[in-house]
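Me: Could you walk me through this model, one feature after another? I would like to learn how to read each of them.

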Amino acid sequence: MTKPDRTRDDGLEIERAVKKRSVQCVHPDIGASPQAAEVVEAVISSYTLSSPLRKPYIPDELADPTAHPEILAAFEQAKAQYEAKLGALNDLCHFDCTGDWDPSSMFPGPQLLPIHDLAKVAVLRAAKSIVRLSSSLDEKALNNCCGLWIDWNEKSKTGVVLTTAHIIRTKHPTVNHWKGRDEYNSKASASVHLRNGTTAEGRLLYHQEHSMILLSLRCIPRLHLGMKFSSIKLLDTTHIEKMGRKYNIEEGLIVEEVSKESHAEKQGIHIGDIVECFNGQYIYTTIELEKMLMDRCKDHFEEGNALNAKIDISIQVFDTVKLLRRTANLTTNISDCGEVVDGSSSMVEANGARVDEMTKEEEDLSSFTPKSPISKPYIPDELNDPTVYPEVTVHLRDGTTAEGHYLYHQEHYDLAFFKVRVDEPVQLPSFNGSVHCGQDVFRLGRDQSMDLRITHGRVEYWNPASIERYHYMYFLHEHDDCLCDDDGGAVIDLDGKVVGLINNHLSASFVPSSILDNCVDLWRKFGCIPRLHLGMKFDSIRLLDPINVERMWRMHNIEEGLIVEKVSKESHAEKLGIFFGDIIECFNGEHIYTTIELENMLLGRCKDHFNQGKKLNAKIDVSIQVFHTDERVRRTINLNVEVSDHGEVIRESTYPITATLGTSAAVQSNQNVAGK
């Protein structure tokens with residue numbers, strides 16, 4: 001009686017176990033129930049080898065187009081089908097860089113060489129928390145923005161996205177932020193399109209080393225695999241991130257070409273498949289592969305074997321069409337000749353059919369294109385009124401979307417918070433509260449195709465223009481860098497930590513992380529972001545040109561502080577006699593040197609106010625030490641200010657001309673000019 005082949009059975013069981021883990025990895029929503037197990041087994045048992053992709057050609061004896069016009073017509077048709085399928089496979093593996101593809105600023109260049117590897121790791125780490133949002137009003141597109149996951153609740157399967165309030169801004173009549181004329185619609189709804197094609201509700205919360213010669217063997221043997229590869233590690237960062245989103249794979253070798261009639265082709269390996277392991281060893285670059293192949297040859301020769309023998313290599317391959325990971329034994333030839341990888345081709349007959357016909361399944365796969373999900377529209381109960389509100393859609397990194405529901409927005413800092421329903425956990429970013437001038441940073445965003453946009457730059461800090469808020473820092477970059485065209489993108493450091501949120505992509509202003517951290521903390525604790533309205537605008541002496549700083553020291557013996565740029569009409573500051581050009585040196589006894597320090601101090605004071613059980617729209621006294629540059633007098637005064645979560649409006653001081661010069665009204669006007 002013949003004994004059963006236990007070795008073969010064990011091998012099959014191992015292969016089935018690998019396939020099972022692969023299916024569960026690609027389809028994480030499959031659980032551990034008996035029904036789920038049946039699904040897994042069905043997927044594994046239904047796996048069949050795909051027919052090879054072969055390039056059509058016309059035999060020499062039929063190459064005369066005048067004698068055989070039907071052959072030429074059939075060839076053109078088959079060529080078009082081949083190129084279409086090849087293009088579809090290239091799209092699946094995302095390494096075709098032809099066409100209109102724009103490289104990111106992470107593409108290797110002399111300026112980035114000192115930090116390239118460190119920056120690449122940082123970008124890929126931070127990219128997992130970047131999403132894209134879009135809004136619409138009355139079925140018309142409104143705005144596009146990027147955002148950050150800042151919270152995730154496993155129990156309720158909801159996350160919170162932080163973005164710029166521009167996503168729900170309906171009117172922007174002037175570039176001057178301080179006029180307070182922007183309009184926002186706070187009753188926005190949003191949709192997030194998930195990877196499984198469903199839609200989730202979201203609620204707005206708050207606004208080879210070929211020189212390795214084996215001399216002892218008198219030859220340089222090498223295993224011929226019958227394939228050509230590209231390394232995922234050496235792709236542009238944008239393509240690596242896309243691979244991670246689509247297949248949860250960031251390392252391995254992409255099959256670029258399979259040799260006709262090779263064992264790899266017979267094993268069903270195609271262009272675009274990803275080989276992850278060789279003999280259980282993870283291989284990340286083609287140089288590592290070549291070294292491994294030569295080491296295997298060395299072992300082969302040390303065992304007394306010779307050239308032109310056959311060796312089995314175990315490979316783990318991920319099929320990018322069927323989304324299935326499997327282990328296959330590849331029989332390779334050991335040779336010291338140069339390997340020839342000739343791409344697959346197929347002969348065309350007069351009727352347009354291939355000699356090696358594609359299977360029906362292959363044709364279906366090559367022509368398949370994803371379609372948008374059909375979802376029945378409805379109006380949420382809280383929005384069931386005739387008023388038209390903007391709809392906000394959160395575009396997730398895997399290409400799906402979800403509805404985002406408005407939670408809260410803060411007009412002064414231009415921040416908005418949206419609640420998003422997502423079934424899978426999201427990766428939250430890490431924040432670095434310290435960012436300094438000249439620091440190497442990257443701006444991250446997503447384009448309309450959800451591809452990552454990466455721009456290298458450095459942090460700059462200067463006094464803002466008179467029309468801007470004064471809590472910004474700036475992203476300085478080369479003019480030819482590839483920029484994302486929407487606001488809300490993250491600015492990250494070389495550790496992949498967020499140091500800011502882009503407010504305006506045109507001026508490249510961003511809200512630094514120290515202010516973001518305070519704002520998020522206030523919103524989480526109190527449901528709003530209160531701020532003290534001082535009724536003044538400032539410039540920092542520290543950020544002036546050194547010539548002006550030295551002049552300030554010569555004239556007033558002052559080198560630090562905030563210069564009053566504007567005082568709001570009829571504010572308490574104006575009533576206390578504070579004028580343009582005065583210098584504020586201290587707030588509540590604390591020396592303040594920059595406007596960002598001032599904003600963090602104001603937010604901290606509001607936090608104390610709310611911790612004491614007090615609310616918005618209250619009045620608070622702030623002690624300030626002011627130096628009047630006109631009279632050269634220093635004094636300490638109490639400034640009565642309002643606690644508000646609205647955008648601060650600085651009203652320009654004006655007066656009417658009601659009479660001609662020389663009259664009493666004109667004299668009063670002259671006194672208004674003098675500020676007396």
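What follows is a friendly tour of strands, helices, salt bridges and nonpolar cores.

Reply: Gladly. Please keep in mind that this is a predicted model.

Me: Let us begin with strands. In which sense do strand 2 and strand 17 pair, and over how many bridges?

Reply: To read a pairing, look for the sense and then for residues that stand opposite each other. Strand 2 (residues 130-137) and strand 17 (residues 390-395) run antiparallel, with 6 bridges between them. As a landmark, L133 stands opposite V394 in strand 17.

Me: Which other strand pairs with strand 17?

Reply: Strand 18 (residues 401-410) pairs with strand 17, again in the antiparallel sense, over 3 bridges. Here H395 is the residue opposite T401 in strand 18.

Me: Now a helix. Why is helix 5 said to be largely enclosed by the rest of the structure?

Reply: The idea is to count buried residues along the helix. In helix 5 (residues 237-247), 10 of the 11 residues are buried, so the rest of the structure largely encloses it.

Me: What should I look for at the two ends of helix 5?

Reply: At the start, check for a side chain that reaches a backbone nitrogen. A side-chain oxygen of D236 comes to within 2.9 Å of the backbone nitrogen of T238. Just after the helix, check the backbone angles: N248 has a positive phi of about 60°.

Me: Is T238 itself buried or exposed?

Reply: T238, which belongs to helix 5, has a relative accessibility of 2% and therefore counts as buried. A polar atom of the T238 side chain lies 3.2 Å from the backbone oxygen of L452.

Me: How many salt bridges does a search of the whole structure find?

Reply: The general idea is that side chains of opposite charge can pair when their charged atoms come close. In this structure the search finds 22 salt bridges. One of them joins K228 and E257, with the closest N and O atoms 3.6 Å apart. K228 lies in strand 10 (residues 227-231) and E257 in strand 11 (residues 253-258), so this pair ties together parts that are 29 residues apart in sequence. Both partners are partly exposed: K228 has a relative accessible area of 41%, and E257 has 22%.

Me: Where in the chain are the partners E648 and R531?

Reply: Their side chains meet in a salt bridge at 2.7 Å, N to O. E648 is in the loop between strand 32 (633-644) and helix 13 (664-674), while R531 is in strand 26 (residues 531-533), so to speak a link between distant parts of the chain, 117 residues apart. E648 and R531 are both buried.

Me: How about the nonpolar cores: which residues of the largest one touch the most other members?

Reply: In soluble globular proteins, nonpolar side chains tend to be buried together. The largest core here has 74 residues, and those touching the most other members are F417, I529, L534, M536, F538, F587 and L598. Helix 12 (residues 595-611) gives the most to this core, with 7 residues. Beyond its neighbours within four places in sequence, F538 has contacts that include Y470, L562, V564, F587 and L598. There is also a second, separate core of 24 residues, with L253, M292, I311 and V317 among them.

Conventions. Residues numbered from 1 in each chain as written. Predicted model: local features only at pLDDT ≥ 70, side-chain atom pairs only at ≥ 80, totals over all residues. Heavy atoms only, no water. Pairing = 2+ DSSP bridges. Helix = DSSP H or I, 4+ residues; strand = E, 2+ residues; numbered from the N terminus. Buried < 20%, exposed > 50% of the residue type's maximum accessible area, 1.4 Å probe, protein only. Polar contact = N/O pair within 3.5 Å; in protein donor to acceptor, adjacent residues only side chain to side chain. Salt bridge = Lys/Arg side-chain N within 4 Å of Asp/Glu carboxyl O. Core = buried A, V, L, I, M, F, W, Y, C linked by side-chain atoms within 4.5 Å. Contact = heavy atoms within 4.5 Å.
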